[in-house]
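Reader: I would like to learn how to read this structure. Please take me through it feature by feature.

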Amino acid sequence: MDPHYDLAIIGSGSGNALVTPDFDDKRVAVIEGGTFGGTCLNVGCIPTKMFVYAADLARDVRDAHRYGVDATLEGVRWIDVRDRIFGRIDPISEGGRKYRQDGPNTTAYLGHARFTGERRLTVALPDGREETLTADQVVVAAGAHPVVPDVVTESGVPFHTSDTIMRIDELPRRLAILGGGFIAAEMAHVFASFGVHVTVLARASHLLRHLDTGIAQRFTDLAREQWDVRTGTNVVGVERGAGGAGVRLRLDSAAVVDADLLLVATGRRANTAELGTDAGGLRLLEDGRIEVDEFGRTSAPGVWALGDVSAPYQLKHVANAEARTIAHNLVHHDDLRPLPHRRVPSGVFSHPQIATVGLTEEECVEQGLAHVTYVQAYGDTAYGWAMEDTTSVCKLIADPSTGLLLGAHLMGPQATTLIQPLVQGMAFGTTVQHLARGQYWIHPALAEVVENALLGLRLDAPAFSGDSQTTLG
Ligand SMILES: Cc1cc2nc3c(=O)[nH]c(=O)nc-3n(C[C@H](O)[C@H](O)[C@H](O)COP(=O)(O)OP(=O)(O)OC[C@H]3O[C@@H](n4cnc5c(N)ncnc54)[C@H](O)[C@@H]3O)c2cc1C
Ligand SMILES: NC(=O)c1ccc[n+]([C@@H]2O[C@H](COP(=O)([O-])OP(=O)(O)OC[C@H]3O[C@@H](n4cnc5c(N)ncnc54)[C@H](O)[C@@H]3O)[C@@H](O)[C@H]2O)c1
């Protein structure tokens, strides 16, 4: 007889948070086919930001002379940086696995799960055996994986993705990055700050296309000052480099890029291809994500999904928020909570740093929303003077009739921290006037950038819904 559980969870990333006290006296199976703890802990947010912190430091040393402080970057000890980071992370993953293996109410299945029936799962274990289990409720929290274009896979040339690049044994001299999104922007910053010559190959006319266009354009301009950025370009051929070492990329412009390593960062796709979704009765969306309703229920009764495998955002704070919602919904079938998908902020930890929430100016125009905008330069505030800043901005977009923010877009030092009062204001429906003047802003802290941006919004100015783009000044 196959073992039966109250709850079976596929994926130990955000899914691991579902084992709440509500299940203390119930039986829970946690199934993990990869490294325990999932993407964010092992190959995502956490290690990348630990590398970014070291990269920021290296840049600061190089830039110190601008402030009359003479310093020389003597080198970056890659192996030491790498081992410090994973020396901290790997034990957390290991501890999490042991905790679930030895837990009073949990059983850890370490293998790849697939549906073989309704709420029936078969797990392929590393030793070749298979175990089957059933459950009253199943949560699919199986995440996503890097997509690699055919031109790369079919070439047979070795390449890295974000899953592997952080564990390499030595820094390459030249790194080519395919893609112009989040991972490309963050990894380009890390490796270039560590002294690697970085070439970024992006299809679009500018990097980070998801952003407000003005911000994306300025980011791309600043990126060109640091990295070799090729926009509007397609890679049409991938070969081994001269003498069989490294890689040679042929572009549609007939140009050639030579590099020692290739990092592919061209998006991530939901892990549903080998999940047996048909057998489980789970419908998929066109892009491979599991279809869920507003409460996280899949098309199969008793089966839920959360995080990258189903969410419209591939962000850890979204996966976490969904996990909190589903943890509630699993035990409150008569009082279901909707997945929290409104005003989702995100940050890109590159150089410069970027943070964004709400609508871009283009989206306001597309939706015909009356709006006013204001762009506050960091350099026009006291702390910005201290930083000798000439490029960083806080761009706000507000609805003049309600006084509420529609969007906020920051680019510059600490952008991901500075945006938080704006995220809060939007979440709690606080007006621009109240946010600006209903609280103190410490003088002369960098947060005055946000205060001044709020004060700069002219809610009585003629509202705009045309098609031009506010210049960043
Ligand atoms: C390089 C990188 C940097 C990132 N940085 C940030 C950041 O700074 N901020 C941010 O918000 N987000 C960031 N993200 C995104 C974030 O990591 C993800 O959105 C988040 O981790 C998704 O969590 P999840 O629980 O949905 O999936 P995961 O954490 O991926 O967990 C899914 C787990 O399921 C397992 N699994 C899959 N299929 C099966 C199966 N059939 N059987 C058994 N186990 C299975 C996988 O092995 C995996 O461990 C980053 C992502 C990457 C790749
Ligand atoms: N700071 C963060 O929150 C953070 C950091 C890293 C990753 N992430 C998450 O992980 C996801 C995946 O990151 P990503 O950078 O791989 O994806 P992305 O969607 O951010 O960017 C993918 C890029 O690859 C390009 N591309 C796609 N197919 C291509 C092809 N065949 N050839 C050339 N270019 C191609 C796209 O135009 C785009 O520029 C992100 O969307 C984000 O949600 C978040």
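Author: This is a predicted model. We begin with the shell around ligand 2, which has 11 nonpolar, 8 polar and 3 charged residues.

Reader: Which residues come nearest to ligand 2?

Author: The shell holds 22 residues. Pro-149, Gly-179, Gly-181, Ile-183 and Gln-314 come nearest.

Reader: Which element gives the largest share of the shell around ligand 2?

Author: Helix H5 does, with 4 residues. Strand E17 (346-348), like H5, supplies at least two.

Reader: H5 also packs on helix H2. Why are H2 and H5 called oblique to each other?

Author: Start with the angle between the axes. H2 (residues 45-63) and H5 (residues 182-193) pack at about 45°, with their axes 8 Å apart. The pair is therefore oblique.

Reader: Is the crossing of H2 and H5 left-handed or right-handed?

Author: Left-handed. H2 brings Thr-48, Phe-51, Val-52, Ala-55, Ala-58 and Arg-59 to the contact. H5 answers with Glu-186, His-189, Val-190 and Ser-193. By class, that contact has 5 nonpolar, 3 polar and 2 charged residues.

Reader: Now the whole chain. How many helices and strands are there?

Author: The chain has 14 helices and 21 strands.

Conventions. Residues are numbered from 1 along each chain as its sequence is written. Chains are lettered from A and ligands numbered from 1 in the order in which they are written. This is a predicted model: local features need pLDDT of at least 70, side-chain atom pairs count only at pLDDT 80 or more; totals for chains, interfaces and linings use all residues. Axes are lines fitted to C-alpha atoms, for helices over the stretch in contact, and angles run from 0 to 180 degrees between N-to-C directions. Angles under 35 degrees count as roughly parallel, over 145 as roughly antiparallel, 65 to 115 as roughly perpendicular and the rest as oblique. A crossing is left-handed if the near helix is turned anticlockwise from the far one by less than a right angle, and right-handed if clockwise. Two residues are in contact if their C-beta atoms, placed from the backbone, lie within 7 Å. Ala, Val, Leu, Ile, Met, Phe, Trp, Tyr, Cys and Pro count as nonpolar, Asp, Glu, Lys and Arg as charged, and the others, Gly among them, as polar. A residue is near a molecule or strand if its C-beta atom, placed from the backbone, lies within 6 Å of it.
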